[in-house]
Amino acid sequence: MGSKNRDFHICFFPYMAHGHMIPISDMAKLFASQGVKTTIVTTPLNAPTFSKATQSSKTYSGGVEVKIKTIKFPSVEAGLPEGCENLDSLASPELSTNFLKATSFLQEPLEQLLFEENPSCLVADVLFPWATDAAAKFDIPRLIFHGTGFFAMAASYAVRKYEPFKNTLSDSDLFVIPDFPGEITMTRAQVPDYVKENIENDLTRMLKRAKEAEKTSYGIVVNSFYELESVYADYYRNVLGMKAWHIGPVSLCNRNNEEKALRGKTASINEHDFLKWLDSKEPNSVVYVCFGSMAKFNASQLMEIAMGLEASGQDFIWVVRTGQEYDVEKEDWLPEGFEDRMEGKGLVIRGWAPQILILDHGAVGGFVTHCGWNSTLEGIAAGLPMVTWPVSAEQFYNEKLVTQVLKIGAGVGAQKWVRVVGDSVKKEAVEKAVRRIMVGEEADEMRSRARELAEQAKRAIEKGGSSNSDLNALIEELSSH
Ligand code: UDP
């Protein structure tokens, strides 16, 4: 712990969605573990998620201390119901515009907090473009947290710049991303709507502002490690000319089961029960199925997933989100008698699972994922082959990294980028993709490549590893700023 780091105070301000809050919480713990005074700024109803996670490391990881400060979230002022402070609690997708509006009101309270706390640096989410101006008022550097990796940032830059989707005859024709390493192919249907359609709305205006804020901010911190995507990290730094530090996988800062169990929302299952269940299974025999904190599927898609899992013959843990149009507590989205038939073979978790605790268990041998960047990187850090089932955001780019570059995954065949509810995939495709990553020679090859990456990930965050060195270089540079 460098003594000079103690005068340096870093402040994190994550977007109010779990895919942003969880990695920032881990990142804050990483900085705190280097002796840096660390504060997370959030809203009252989101604070417990952070305090639970940071308290667990204080207790279990040698006294790492992270302070949590709150500012009011203007839900009602922006036309949201009282108590709606997280993107996952929106009752309908139409309210996302109101959510965006609410976050745009946060500049003033954030500035007040910066005035009171007097930090040396602000790491704010890319979705708060105005944070660069806020930091400038206090003459402190603003760093950006994007929530994704180098490959996706670089690929989306090249797709926006060259618009290769304009030269295809149909939505399903493949194009190669131009002037981009690796001959990466994708289709027009997989490119986000707001990139292809030139739409002007609150979201696209904010994204445009975010791009502009990137140019005037100090640089970006990336949850990734150099060995994973070195070519794309170089592309991002050299072609885009951005200052970037890779300091991940940040999830690896959770070293023991208690910390892993207390990360994110409160789990909907007793950790001892399912650990006992997993302990009774053979190594690499269970497939874990989870689509992150936002992706939605309709009841008929869930039915296909259930039938595909059953037909695959593999043991499984399947996480089904609550708050959708079907009632998860009922079983009408499951084939008749499914849970009775699957007793001992499959576990359905309704709500929230302690994901990294499950992924890191030796009985788990594969991961069906929506390719959110956190999940993708957590799957890599656990050394698992993956079935890729991208839905939205930058998830199709993450899929290409997994299947075409790293070659540690098999696509389920999701064809279309969608804003809300996932593209439909039939049970036969689910069964086939699950078998591909779980059994046979191809599965073994993917698993051994994934294992090698997991080893590299662990080395990256150890003392002297690439991410640990970048973290220290960043602290050093910011401390002397
Ligand atoms: N997660 C979890 N339990 C769940 C669902 C998600 O712990 O039941 C965590 C997961 O480990 C990851 C984050 O939530 O850290 C989801 O982020 P990701 O980027 O994968 O997807 P998003 O939710 O942003 O679509």
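Guide: Let us begin with a term for helix pairs: a crossing is right-handed if the near helix is turned clockwise from the far one by less than a right angle. By that rule, α6 passes α16 in a right-handed crossing. Please keep in mind that this is a predicted model.

Visitor: What makes α6 roughly perpendicular to α16?

Guide: Helix α6 spans residues 150-162 and helix α16 residues 395-405, and the two pack at an angle of about 110°, with their axes 8 Å apart. Angles of 65 to 115 degrees count as roughly perpendicular, and therefore α6 is described as roughly perpendicular to α16.

Visitor: Which residues make the contact of α6 and α16?

Guide: F151, A152, A155 and S156 come from α6, and Y397, N398, L401 and V405 from α16. By class, this contact of α6 with α16 has 6 nonpolar, 2 polar and no charged residues.

Visitor: Why are α12 and α17 called oblique to each other?

Guide: Helix α12 (residues 299-312) and helix α17 (residues 427-438) pack at an angle of about 45°, and their axes are 7 Å apart. Angles under 35 degrees count as roughly parallel, over 145 as roughly antiparallel and 65 to 115 as roughly perpendicular, while the rest are oblique. The angle of about 45° falls in that remaining class, and therefore α12 and α17 are oblique to each other. Their crossing is right-handed.

Visitor: What classes of residue are found in the contact of α12 with α17?

Guide: The contact of α12 with α17 has 6 nonpolar, 2 polar and 4 charged residues. Among those that make the contact are E304 and I305 of α12, together with K427 and R435 of α17.

Visitor: Which domains does the assignment give for the chain?

Guide: The domain assignment gives domain 1 (2-151 + 191-252 + 460-479) and domain 2 (264-458). The C-alpha centres of domain 1 and domain 2 lie 27 Å apart. Their contact takes 29 residues from domain 1 and 24 residues from domain 2. On the side of domain 1 that touches domain 2, α1 and α18 (441-461) each supply at least two residues, and the largest share, 4 residues, comes from α1.

Visitor: How do you know that the shell around the ligand draws on domain 1 and domain 2?

Guide: Each of domain 1 and domain 2 provides at least three residues of the shell around the ligand. There are 19 residues around the ligand, of which G19, G292, S293, G372 and S375 come nearest. Helices α1 (18-33), α14 (355-359) and α15 (373-381) each supply at least two residues of the shell, and α15 gives the largest share, 4 residues. By class, the shell divides into 9 nonpolar, 9 polar and 1 charged.

Visitor: What makes the peptide bond from G248 to P249 cis?

Guide: Omega of the bond from G248 to P249 is near 0°, and the bond is cis. P249 is found in the loop between β9 (244-246) and α10 (257-261).

Note on methods:
Residues are numbered from 1 along each chain as its sequence is written. This is a predicted model: local features need pLDDT of at least 70, side-chain atom pairs count only at pLDDT 80 or more; totals for chains, interfaces and linings use all residues. Axes are lines fitted to C-alpha atoms, for helices over the stretch in contact, and angles run from 0 to 180 degrees between N-to-C directions. Two residues are in contact if their C-beta atoms, placed from the backbone, lie within 7 Å. Ala, Val, Leu, Ile, Met, Phe, Trp, Tyr, Cys and Pro count as nonpolar, Asp, Glu, Lys and Arg as charged, and the others, Gly among them, as polar. A residue is near a molecule or strand if its C-beta atom, placed from the backbone, lies within 6 Å of it. Domain bounds come from an automatic or database domain assignment.
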